[in-house]
Structures are given as structure tokens and as C-alpha cells.
Amino acid sequence: MLVYIRESDKDKIICNVDEKDIAEHLRERLKKEQEEKEHKKKEKAEAHLYTIIKVARDDDLAEQIGKDICFDLVDHDKVRSFHIQKQMPFNVFKEEVAREFGIPVQFQRFWLWAKRQNHTYRPNRPLTPLEETQSVGVLKEVSNKVHNAELKLFLEVELGLDLRPIAPPYKTKEDILLFFKHYDPEKEELRYVGRLFVKSAGKPIEILSRLNKMAGYAPDEDINLYEEIKFEPSVMCEPIDKKIMFRASQLEDGDIVCFEKPLPVESTNQYRYPDVPSFLEYVHNRQVVHFRSLEKPKEDDFCLEMSRLYTYDDVVERVAQQLGLDNPSKIRLTSHNCYSQQPKPQPIKYRGVDHLSDMLFHYNQTSDILYFEVLDIPLPELQGLKTLKVAFHHATKDEVVIHTIRLPKQSTVGDVINDLKTKVELSHPHAELRLLEVFYNKIYKIFPPNEKIENINDQYWTLRAEEIPEEEKNLGPNDRLIHVYHFTKETAQNQMQILNFGEPFFLVIHEGETLAEIKVRIQRKLQVPDEEFAKWKFAFLSLGRPEYLQDSDIVSSRFQRRDVYGAWEQYLGLEHSDNIPKRAYAINQ
């Protein structure tokens, strides 16, 4: 910042700043910031000396299962973590845990977690007494084949009858640690109810009364058991035979058993998800979808919870229900483009996708947004029709009306023109119309009346309909029909660029006609005031290069070459500033 100082004040202002010149609150703040900086620097320098230990307990499982998570046992990012020096012996760390959780060291038993091949994450085995004498750093290496800064543990604490901690039971190879979740179809709720050691040679039937107690049921209640095996990429949850040994059901340490009270056959239809597998399938596939009206693509209209396995019909039915519409086939959906954050240009065809998951998928990303429209006719019917937006330019009035024309796909341009004639005001009853393709203010094509409309694209360029002027109908052998475009010049990076603007048009020129004669006709056609028209320049443009014309030049001599590729590349250019009043565009839907 440039600051001017009065010379007489120079010594007062440009002098050394002492600490006492800085306000007290600023001194405090700067000191604090400096200390924080030092602390962070020290932490960074010593980071390799520390490790993070995350300790999950029964309380975490009970708190998270059914609220934050449904599958597996715990989200390790939400459990208590300890910042510990790698050199610290594990036994010393246990004392810190005792202080934190109030559980005496002799009653703590820690389990290592392991990632299984099916991508689930479960307690795998308890630490051995020998391992507990080692340092935290060594244990981290044991538990993590992958290079990771964290050591994840499960703290097993057994409680006596008075709910006080007691020593963990001795574990042999025959003992299996199982975790239990209970499902209630009425509340659609899955919760963690506890864990048990079972003998591998034992049978589930022997522990049913204990499970009933965990769930708050009568001891002899009949229950169904399932093993939650995996959930990626799809859910696998199999019934467990209560009469065969745990070993035979391939149950091992860290496995999860879900159970429920079986529903009477007559009431299974009352519940959306009557059993554990159907509920887990639902949770795995549920998706909250944000629906937006295609006309207001930036704001959510409503949200619906759906399953990714919903069919096309299921989705439109739910949307119709939400909108109070009795015919779901009048709903048309459009997918979301995750990259542009906008609706995709093409809507979803009627039953064009199998499932909701296909509607939400875009390249390798999944979105949660869908756009909807309510049509005036059912979508399958509309798909048999081609919809074109045609801008009709009135012959004498300075106005443009946009008409939406719907015709069967096999129709021709002639059919479009006939349909249009019934909707527009013509200058006289026998006027003939033509259809043009206009793109970036140039005319690229006059559509032949027999061309099929199915492949005509009105998304990127404008379809323009206009009356054919009488003079064009009676061309003499030496008359030419030329393109006339408006342009301005712009210099960008030392290069001259021609920019077209405004409405392009056709003009008939006669043999030997001078520019002066043609100018009169152009001024009359465009109704430009004299003062303005005097500033206009006229040029013959071929492939974007202007050749300026004098009033006495014969214009037709410039347009001799008939074999030029693309007639739009040769035109009579009208150079003037772009201040033509924009025509009033009325949309006639």
C-alpha cells in the first residue's frame, strides 16, 4: 500500500516499532499463534514417534448399529482414539485405558480386527500375554500388513451379576466369539444386543434362551437365526440351522448372527420387510432421491426414499403418487449429469432403463438427483411423435413466434409446413412457406418438402419458417439467389475475426445490378432509417474474408462461381454495429 507522509511527521512515523507500541490484545494473539505454530511443527516432526490406537467397545456397537451403520460392527472413526508413543509398552497403555474407561487392567482383553477377503471387518483374535508385553509400535506392525498409522482394537469386558467388570473367561480354540443383532419388523429396526462365547461343537438351539433374554423375549420364544456374511457388492445373509453344530455352519470368531421372531404367515404381508434378509437388502439398496422439476433444475421439489432395485414403473408410480397424478405414464424423467451439475440433454425413454440405479448412474459416478416433467399426453404416445420447435418469421410484421409442432415420426417437412399454416397468420391465403436451418446467424439449409422429420435436430440450431417472397418464385435465367448476413469485425490476438449476428436472409439479384440499386432494396426490406443506413458498409465475403464493394460495383459478377462448397461460405455482408432491436420472440406452446 502506498502511503504519503507529511515531511514534518517523518520521524514520528518512520521509526522503529517497539513491543510496547503493539496493543496488548494483539501481542497476546500473536504470541498464541506463534505457540500454536511451534506446537504443530513439533507434532509434525515427532509424528513418526507416535501411533493412533482406536478402541471400540460394546457401548460403541450398541450406539452405532441401527443409527449410523447397519452392516458390520462399528465405524472406527467414531470411537475413542488415543495418541500414543510407539515406544510405550502395551501394558502401560492399558493403564491409560483403565483411567479413561474406569476398567481395571486385569479385566481388559483386547482383540485385533482383521479385514476379511469379502471386505468385512471383524474382531479376529485376542492379543496374547506375550504380545501385551511388547511396545505399541511392534503391535501395530503385527496387526497391519498394510502401511497404516492406526492400530484398531476391540476391548472385551465381561460383567458379573452385579454389572461390575470381572476377569475375561479363558478362551480355547473351541470357543467362538459371536456378536448378535436383533431385528424388529414392526419398527424396521436392527440393533446390537450383545456377544457370547459359544463352543464350536455346541448348537444354536442351546443358546436360544440367552438370546431371548438379550432381546427381552420370553425364554422359550421361537426365533430365526441368520448369519450376516457380507454386504459388498451385494448382501449375503443366510439362515442358520439351529440343530447343527456351530462348526458345521462355519461360524468363527467375530461372526455376526442376526435373529428375529418369526411372523405368522398371515401377517407377513403387513410388513414391508418381514425378515432380516429382506431388511438388509433394503438398507443396502435404499437411496434418498432428490426430485427437481425440469423447469427449475436448481432447486429440489421433494425427496423420496426408494430402493435402487426399483423398476422404471415403480419410480414413476411413486413420483405420480407424490404429485397427486393418476396416470404415471405422463411422468417423464431426466438423469443428472454429475460433471456439469445439470440435467442430461436427453430424457429417459419410457421403460428405457431397468432400475433406479441405472437412472442415477453417470459414467462411473452415482448421483441422487432426478428431474421430472408432467406431460400432457402419455410418454409412450409422445415417443411415437417427433416434437420440433419452429420459429415463424412473419412476412410483414417484425415478430417471431415459436411454435411447438408434434407429428408422427414418419412425417415429412411438407407435413410440418401444412401443420404450421393452420397456426400462423399469413400475408395472403395462397402464401407458400419454407423451412430453413439457421445456425450462428447463417442459413445452412432449405429443407426439401419430402425430407423425413425423424432425424431433424432442433436442439442446437434454429428451425425457421418463413413465406417465400413472390420475387423468388419467378427467377429469370440470369437471376441469382444469394445469402445476405449481418457482420461486425473484431480483433483478437492480432487476428481479424468476422462475427455474424442478427437474422440472415435470401435476396434475389439481377444480372448487371449495381450495389447502389441493391442497397435501396435492402434498406426497404429491413426498414432502416437513412441516417443509420448511411453508416453501413457492404462487402462480398468468401470463406470469411471481406472484399469491400463500391456503389458502382456489379454485385452479380462476384457470385459467378456456382460450384463453391457450402453456399453459406459466400455471401453479401452488411457491416454495421450490432444494435438491431431484437425481434419480439413470443413462445406459442
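How many bridges join β13 to strand β19, and do the two run parallel or antiparallel? Four bridges join them, and the strands run parallel. The model is predicted; local features need pLDDT of at least 70, side-chain atom pairs count only at pLDDT 80 or more, and totals for chains, interfaces and linings use all residues. Residues are numbered from 1 along each chain as its sequence is written, and side-chain values use heavy atoms, without hydrogens and water.

The protein chain holds 15 helices and 30 strands (DSSP runs: H or I of at least four residues for helices, E of at least two for strands, numbered from the N terminus). Its radius of gyration is 40 Å, well over the 25 Å that the globule rule gives for 589 residues, so the chain is more spread out than a compact globule. The radius is taken over C-alpha atoms; the rule is 2.2 Å times the number of residues to the power 0.38. Along the principal axes, the C-alpha atoms fill a box of roughly 115 × 95 × 40 Å.

Buried residues make up 42% of the 589 (under 20% relative accessible area, 1.4 Å probe, protein chains only). Of the contacts (heavy atoms within 4.5 Å) with a separation of 6 or more, 63% link residues 24 or more positions apart.

Strand β13 spans residues 286-293. Six bridges join β13 to β14 (residues 302-307), and this pair runs antiparallel. Pairing requires at least two DSSP bridges. Val-289 stands opposite Leu-304 in β14. Strand β19 covers residues 369-374. There, Leu-370 stands opposite Phe-291.

Notes. Buried < 20%, exposed > 50% of the residue type's maximum accessible area, 1.4 Å probe, protein only.
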